[in-house]
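Student: Please take a close look at one part of this model, the place where the two chains meet. Then set it against the way each chain is built inside.

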Protein chains: 2
Amino acid sequence: MDDPYNAFCDHAVVFVEGVSDGPLAGLTFAAKDLFDIADYRTGAGNPDWLMTHSPASRHAAVVETLLAAGATLVGKTHTDELSRGIFGENPHYGTPVNPKAENRLPGGSSSGSAVAVAASMVDFAIGTDTGGSVRAPASFCGLYGMRPTHGRLSLDGVVGQSPSFDTVGWFARDAELFARVGAVLLDAEFPDYLPECLIFATDAFAAADSDAAAALQPVAERLSVTVGASEWRPISPEGSPEGLAVWRGHQSTLQGREAWQMFADWIDQTNPRFGYEVSEIFHTGAGLSDRRVAEAKEAWPRIVAHLDAILAPGTFICLPTTPFVAPLRGQPRSATKALRGRIVALTCIAGLLGAAQITLPLGDVDGVPLGISLLGRRGSDEQLLGFARQLAANL
Amino acid sequence: MDDPYNAFCDHAVVFVEGVSDGPLAGLTFAAKDLFDIADYRTGAGNPDWLMTHSPASRHAAVVETLLAAGATLVGKTHTDELSRGIFGENPHYGTPVNPKAENRLPGGSSSGSAVAVAASMVDFAIGTDTGGSVRAPASFCGLYGMRPTHGRLSLDGVVGQSPSFDTVGWFARDAELFARVGAVLLDAEFPDYLPECLIFATDAFAAADSDAAAALQPVAERLSVTVGASEWRPISPEGSPEGLAVWRGHQSTLQGREAWQMFADWIDQTNPRFGYEVSEIFHTGAGLSDRRVAEAKEAWPRIVAHLDAILAPGTFICLPTTPFVAPLRGQPRSATKALRGRIVALTCIAGLLGAAQITLPLGDVDGVPLGISLLGRRGSDEQLLGFARQLAANL
């Protein structure tokens, strides 16, 4: 397969045909190289991970589900190393090219999956989202992207990093197909859906670049009109981007500690080659004090209670998926590091809440895609997908 | 050239003939891949350094000196990444094999140079020594190795890491040739030499493994008999291995800060791939507080004054070069990290003093080499070489 955007892994040229009948029959998909495919080694974006692991004995559970629904797997896709990145930069295999803006980053860590879908090389793709790894590339590549309710989809056969936050998500170009895939993965039929109220998170919009916020303004108004009832209000106690940054700090602490626990032994045994930034992320996680982790653990249920009180049943929070469009490629780390923090200040919200979030490819800044997100209560996955499908049908 | 011990860099198959007459005519040598060779890129043990640098316009100064003395350069040799390591482990190019103990590490960072000499593939080799990078591999591979007085040999055309401690050193299998190379590099003829007194550093011997200390005991006695006057005494104010560990802490702080300053911009621009341990060393350097650096800077002249008072003219300090023989290959980082600290607790002494140190391949533990070192005042390079030559002639 020609791969002009460097979406696919060379180390595993995979083709697994789905069953001939089923709701996804005739569709093709790609899987991030964190998902086990029987008889292939899972690379997780790092050549030393690949070298130190044996071929998988069976497919990851969600891959099995998709194959059984008729979809055909046509490749494994690039990821940030061990999914620890938000931009899709991979110094070993090269950074996939964003088909919607070739001089910009694709987003990550589910970079190759997003790129493969955005380039129409597959009908849909699966990725993982721990701290934004489906939502950010979906926003940057102009796709529908889903982070389901935490625990809803099986992580069996998936290289995770942080059990408290790891989820399996997916990408598609249109809402109808996106919902069809969702119905298979969630194992649920669902009707179209109209929420009772939208809450536009003023602190999240204020955290975005002004051109991004301006680009999403008319989209927000359309959503508002569609739903009828809406409210503009902050969602953090501080009511400002700084409040979201505090949440991000807690989430990064919890994720950083868990990811270090997950990989510390392997790193100790292997001394793997990482891009400097990934090592730095791990080293920061390794150095987190127990006190800092305890603070984050203590804050976490308070954050959940705060958001639960805002998010009544039938209500969605609306926010920019990312605070800006895809950054330019080739920037120094000193420039992108701050950008990473700003993205995670928005994506951490669903993570902390364990809630479902869907990003819709409805915005752009000068033709460069930008996603807008709806975040629902835990278990609202079908409602989000039903609303997205209905919206698209009426746009 | 066959390279069964993986000493040489594949990316630069170098051959530069020396002049036909000269004190080193007919001899071959290798240069660590930190030394510029005209028309070749210097790789510094890291593929991303190699990729982001242009071919050198001229030879490093010491290479020029050796060629002009008749020696022929036959290859560039592997190094720890950016010379930041003491064991010779390189995850990109593979760890060179110690010809004297193939299941053990070669030592580093001048790993390939030591291995090439130990395997008799060249007559001598040059390396660099910032925190022990010539002395440790010389000890582990059973070679003569020299760290000259700081500032004595030109670093022109050499990838340095820490200007306060960087030096150019060299390796050879026998003392006579070792001294001949020294005469060329130091640009000085020198007679044999007998020091007036040897000080056996009891705290340094106590820092060694018991089998290593026991193996060096008869060597020390032979040296003592040869010189006539000797004294067993501690050299640190505390008089214990802990005192040397305090010095190591200061030296690592100073070196860590300087090395971070040296490479921070390049790391920022490049996000290079490093083995995790090297990233960790850099990240630790990046995180050093100004207060910690100020403490080390304040302690440094006190350490120098303390050692200067012990090291009268005509006196050498004798100590184990490394506190143990070459560690086994393939150990986890958690095992080797503590070993690294213990090595540097001995090698930091000459570094802090800016003094010359020669390691002599006179010890072994069950046939595995172990070096014993003589450390002289700043400028005692010729005396050390003259003593080593005389010792060897009389052994």
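Tutor: The model is a predicted one. The contact between the chains takes 19 residues from chain B and 19 residues from chain A. On the side of chain B that touches chain A, at least two residues each come from α8 (241-270), β8 (273-275), α9 (276-286) and α11 (333-353) of chain B. Among these elements, α9(B) gives the largest share, five residues. Sorted by class, this side of chain B has six nonpolar, seven polar and six charged residues.

A strand pairing also links the chains. Strand β8 of chain A, residues 273-275, is joined to β8(B) by three bridges, and the two strands run antiparallel. Within this pairing, A:Arg273 stands opposite B:Gly275.

Now the inside of chain A. Chain A is divided into domain 1, residues 28-186, and domain 2, residues 197-394. Their C-alpha centres lie 18 Å apart. Between them, 53 residues of domain 1 of chain A are in contact with 51 residues of domain 2 of chain A. The domain 1 side of that contact draws at least two residues from each of α1 (47-51), α4 (135-141), β4 (144-147) and α5 (175-186) of chain A. By class, this side of domain 1 of chain A has 23 nonpolar, 20 polar and ten charged residues.

The largest nonpolar core holds 120 residues. Those that touch the most other members are A:Phe29, A:Val117, A:Phe124, A:Ala125, A:Phe171, A:Cys318 and A:Ala388. Helix α11 of chain A, residues 333-353, gives the most to this core, with nine residues. Both domain 1 and domain 2 of chain A are represented in the core, each by at least three residues. In general, nonpolar side chains tend to be buried together in soluble globular proteins.

Leaving aside neighbours within four places in sequence, A:Phe171 is in contact with A:Ser113, A:Ala114, A:Val117, A:Phe124, A:Ala125, A:Gly127, A:Val134, A:Ala138, A:Leu143, A:Tyr144 and A:Gly145.

Key. Residues numbered from 1 in each chain as written. Chains lettered and ligands numbered in written order. Predicted model: local features only at pLDDT ≥ 70, side-chain atom pairs only at ≥ 80, totals over all residues. Domains from an automatic or database assignment. Contact = placed C-beta atoms within 7 Å. Helix = DSSP H or I, 4+ residues; strand = E, 2+ residues; numbered from the N terminus. Nonpolar A, V, L, I, M, F, W, Y, C, P; charged D, E, K, R; others polar. Pairing = 2+ DSSP bridges. Core = buried A, V, L, I, M, F, W, Y, C linked by C-beta atoms within 7 Å. Buried ≥ 20, exposed ≤ 12 C-beta atoms within 10 Å, placed from the backbone.
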